[in-house]
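The points go from the overall fold to single residues, with the cut-offs given where each term is first used.

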Amino acid sequence: MGQLVIREAKLDTVCGITSKLPEGDLPEIAFAGKSNVGKSSLINALMNRKDLARTSSQPGKTRTVNFYKINAFVKEEEEKRECPLCFVDLPGYGYAKVSRSESEKWGGMIEGYLNSSKALRSVFLLLDLRHEPSANDVQMYDWIRSAGIEPLIIATKSDKVKRSQLSKQTVAIRKGLGAGAELKVIPFSALSKQGRDEIYREIIRIVST
Ligand SMILES: Nc1nc2c(ncn2[C@@H]2O[C@H](COP(=O)(O)OP(=O)(O)O)[C@@H](O)[C@H]2O)c(=O)[nH]1
Ligand SMILES: [Mg+2]
């Protein structure tokens, strides 16, 4: 199937609540999840960058939709196939210090993006491997599916869970979302990079079909 190689990644557009979302033509993969779940850490790990996407221990800081342009190719035996794409970092939800009206505005913007982007090819929904999905997580899962997209679930911080607990936690995530065994859940750790190659393979599959 080949190997995804990222040459360069750069932050291209930052959208606030009142900005018009860009209409790019690169295939887009969006990243969703509650604040502090490890979204920036995953995006950095995929881009092979330490700090292009901000990571912080203070949740709720990212209140924008960030579009990263990724210059990449797929390396196959003898050939290189160009594979330009765009990562879309959606604002984290579930942060207690945000007012209800503000979080509703953001919810509207995320839902609007999911329903209107023509270039959106997949959504990676991040859930903490240690916890059952929250009501907000379930709502996000439902929004993504209502937009006609089957999300890929990335279960983050897998280094904090014993190997022997991995499959039990994965089952609990599927159950919490009301999904069956067909829902793909990939355990990921930003520390050990467990799961990264599998996520790269998913990206190649998504962009190639
Ligand atoms: N142990 C561990 N900590 C992580 C992992 N991913 C993120 N973190 C930590 O969790 C916190 C929030 O991460 P961040 O990527 O900023 O989350 P975001 O709010 O979803 O973008 C930071 O302190 C990270 O260092 C992981 O895979 N393992
Ligand atoms: Mg972040």
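1. What percentage of the 209 residues of the protein count as buried? The share is 34%, where a residue is buried if 20 or more other C-beta atoms lie within 10 Å of its own, exposed if 12 or fewer, and partly exposed in between, with C-beta atoms placed from the backbone. This is a predicted model, in which local features need pLDDT of at least 70 and side-chain atom pairs count only at pLDDT 80 or more, while totals for chains, interfaces and linings use all residues. Residues are numbered from 1 along each chain as its sequence is written, and chains are lettered from A and ligands numbered from 1 in the order in which they are written.

2. The secondary structure comes to five helices and eight strands, these being DSSP runs numbered from the N terminus (H or I, at least four residues, for helices; E, at least two, for strands). Along the sequence they follow the pattern β-β-α-β-β-β-α-β-α-β-α-β-α. The protein is as compact as a globular protein of its length, because its radius of gyration of 16 Å is close to the 17 Å that the globule rule gives for 209 residues; the radius is taken over C-alpha atoms, and the rule is 2.2 Å times the number of residues to the power 0.38. The C-alpha trace spans about 55 × 45 × 30 Å along its principal axes.

3. Of the contacts between residues at least 6 apart in sequence, 74% join residues at least 24 apart, a contact being a pair of residues whose C-beta atoms, placed from the backbone, lie within 7 Å.

4. Strand 5 (85-89) is largely enclosed by the rest of the structure, because five of its five residues are buried. Both of its faces are covered, with L85, F87 and D89 on one side and C86 and V88 on the other. Strand 5 pairs with strand 2 in the parallel sense over four bridges and with strand 3 in the antiparallel sense over five bridges, where pairing requires that DSSP finds at least two bridges between the strands. D89 in strand 5 has F31 opposite it, and N66 also stands opposite D89.

5. The largest nonpolar core has 47 residues, and F31, L42, V88, L125 and L126 are those with the most contacts inside it; such a core is a set of buried Ala, Val, Leu, Ile, Met, Phe, Trp, Tyr and Cys residues joined through C-beta atoms within 7 Å. Strand 6 supplies the largest share of this core, six residues. Leaving aside neighbours within four places in sequence, V88 is in contact with E28, I29, A30, F31, V65 and F67.

6. Which residues of helix 1 are buried? They are K39, S40, L42, I43, A45 and L46, and they pack against strand 2, strand 5, strand 6, strand 7 and helix 5. Helix 1 is followed by N48, a residue other than glycine with a positive phi near 60 degrees, which lies in the loop between helix 1 and strand 3. N48 counts as partly exposed because it has 13 C-beta neighbours inside 10 Å.

7. The shell around ligand 1 comprises 20 residues, of which G38, K39, S40, S41 and A190 are the closest; a residue is near the ligand if its C-beta atom, placed from the backbone, lies within 6 Å of it. Helix 1 (residues 39-47) gives the most to this shell, with three residues. By class the shell has four nonpolar, 12 polar and four charged residues, with Ala, Val, Leu, Ile, Met, Phe, Trp, Tyr, Cys and Pro counted as nonpolar, Asp, Glu, Lys and Arg as charged, and the others, Gly among them, as polar.

8. I153 is found in strand 7 (residues 152-156) and counts as buried because it has 25 C-beta neighbours inside 10 Å. Residues up to four places away in sequence not being counted, I153 touches L125, L127, I173, L183, K184 and V185.

9. A positive phi, near 65 degrees, also belongs to K193, a residue other than glycine, whose place is in the loop between strand 8 (185-187) and helix 5. K193 counts as partly exposed because 13 C-beta neighbours lie inside 10 Å.

Conventions. Contact = placed C-beta atoms within 7 Å.
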